[in-house]
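Reader: I would like to go through this structure with care, asking at each step what a term rests on. Could we begin once the structure is in view?

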Amino acid sequence: MSDAAFGPEAATSKRLRRGLVLPLALLLLWEATSHSGLVNPQFLPPLEKVGTTAWRELTSGELLFDLLASLRRDLSGFAIGTGLGGAIGILLGLSSIADRIFTAWFNGLKQIALLAWIPLISIWFGFDQAAKVVFIALAAAIPVILNVVEGIRGASRKDVEVGEIFKFTRPQFIVLIYLPSALPSILTGIHLALIYSWLATIGAEYFMAVGPGIGGLIIAGRERFEMDMVLLGIVVLGGVGFAIDRLATLLEDRIIPWRRVA
Amino acid sequence: MASDVTISRVAGDIDVTSAGGDTSLASSDRAWRGIARLGWTLVFPVVVLSIWISGANTGWLPEQILPRPTDVLNTLLEMLRSGELKTHTAVSLLRVIYGFAAGATVGFALGAAMGLSRTVDDYVRPLFTAIAQVPALAWIPLAMLLLGIGETLKIVVIAKAAFVPVVMNTSAGIRNVSPQLLEVAETLQFSTWQKLCLVVLPASIPSVFTGLRYGLTHSWISLVSVELVASSEGLGYLLVWGRQMFWLDTVLVSMLVIGLVGFLSDKVLAVVEQHLQQWKVDHV
């Protein structure tokens, strides 16, 4: 409360300063420990070594190469999963017969932890790109299906009545009533699909470690006991995840600005 | 969540309309509805099973792609009888219990501190966000380098998965305790301790519980990941092993158990949560 006297700006800068204390202290502790010789520098490489590794990987273009491979994989899986998921979601949302037949089973299958699908998928599709994309698509499809169904079911009774008065045909109903009212929900599904498919990309690259990718980079670093590579990989991975999430939020706010208020 | 709400509301509407008529008629009507729903639900497995069985019998579905349903069933029964399934499930469950208990306890303490004190929140929040931002899956290789591949690794990874949602929901729950409730406490001249025990904690319980529920789900998921990477027992190990041996029946049985345990633990917590939500107070 006393911050109020200094205005919001002072309060923010105070919060910023406080927020920096712990991370900086940790980094200092790290640097000191790794130089003290108390621990094996392989486990705790000094910061400057992590920095030079990052710089080397960046300038040599290898990191970028791996990152692009991961992103391409991520986006293919995401596109396939979102497309299929959207179609399945529309079917389940609109057809009560499909809903009665499949929804219970879909909810059951959903309970299986996503990564538990990897052994089965790798038996069916091998360890190559195809298997990874299938797994990522599965990860993306689930939230899309859930949210599309929820969005369509949530279409207001009044809107549907208006459509009935106008004697809309089935396609008109879908395009003019269900999809617009389901839009916020659909976007939430896509947003989640973006996050899940990035996670799934990493998972797929861990367990089906063939070919370039950030996940493979981390696993290789671990196997060679190169902590700096592992750390670099984790930072990139977290950063990309963060960027994807921010981007999706921005797009959502752009497309449906009214939801923030609602 | 929202879909649960609509479903229960729809169910409520049905009750209201049927209550107007004869009650015995209403209950037979409901039973009929239940049977019809079950019938529809059975369509899918019947179709899948018949394709599966006929595919396996005629040979166009090779056993390496999908073993016969009877084989899977036999494997399941055999693994149940030999106690193999029980042992692996017990190992996995115990890991989740330890990891979840550790992560939830620390998470609750930190979340409560962050919710009660702005200062603590200011100091801890950025670091916490950075840690939370990197998924459990990504921490595993780092944790493996630091902790080896023993039991500690699994407990720590699971604990971290439970920790994050518990901290977020506990701190948000305490922060969002209705100011009106606090005013009442102020008026009644409660001591700080009384405020904490009689107002803040009860009011934040639903939110804390939501955090626990997410925490348990995340614990279970990360257990599977960590057991897939590094383990010599447990359900995740069973999956990897079945995969290496090309024993698809073992893989399928493990997936079934993983799904079942995840489903049951979530259901139990959902029921408890619903009870807690009933006395959720937003306004005085």
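**Core, kink and contact**

Author: The largest nonpolar core has 117 residues, and those with the most contacts inside it are Phe135(A) and Val157(B). Helix H6 (residues 129–153) of chain A gives the most to this core, with 16 residues. This is a predicted model, in which local features need pLDDT of at least 70 and side-chain atom pairs count only at pLDDT 80 or more, while totals for chains, interfaces and linings use all residues. Residues are numbered from 1 along each chain as its sequence is written, and chains are lettered from A and ligands numbered from 1 in the order in which they are written.

Reader: What makes a set of residues a nonpolar core?

Author: A nonpolar core is a set of buried Ala, Val, Leu, Ile, Met, Phe, Trp, Tyr and Cys residues joined through C-beta atoms within 7 Å, where buried means that 20 or more other C-beta atoms, placed from the backbone, lie within 10 Å of the residue's own.

Reader: Which residues of H5(B) are buried?

Author: Tyr123(B), Val124(B) and Phe128(B) are buried in H5(B).

Reader: Where does the kink in H5(B) lie?

Author: The kink, of about 45°, lies at Val124(B), shortly before the proline Pro126(B); the bend is the angle between axes fitted to the seven residues ending at a residue and the seven starting there.

Reader: How many residues does each chain give to the contact?

Author: Chain B gives 43 residues and chain A gives 42 residues, two residues being in contact if their C-beta atoms, placed from the backbone, lie within 7 Å.

Key
Helices (H or I, at least four residues) and strands (E, at least two) are DSSP runs, numbered from the N terminus. A residue is buried if 20 or more other C-beta atoms lie within 10 Å of its own, exposed if 12 or fewer, and partly exposed in between; C-beta atoms are placed from the backbone.
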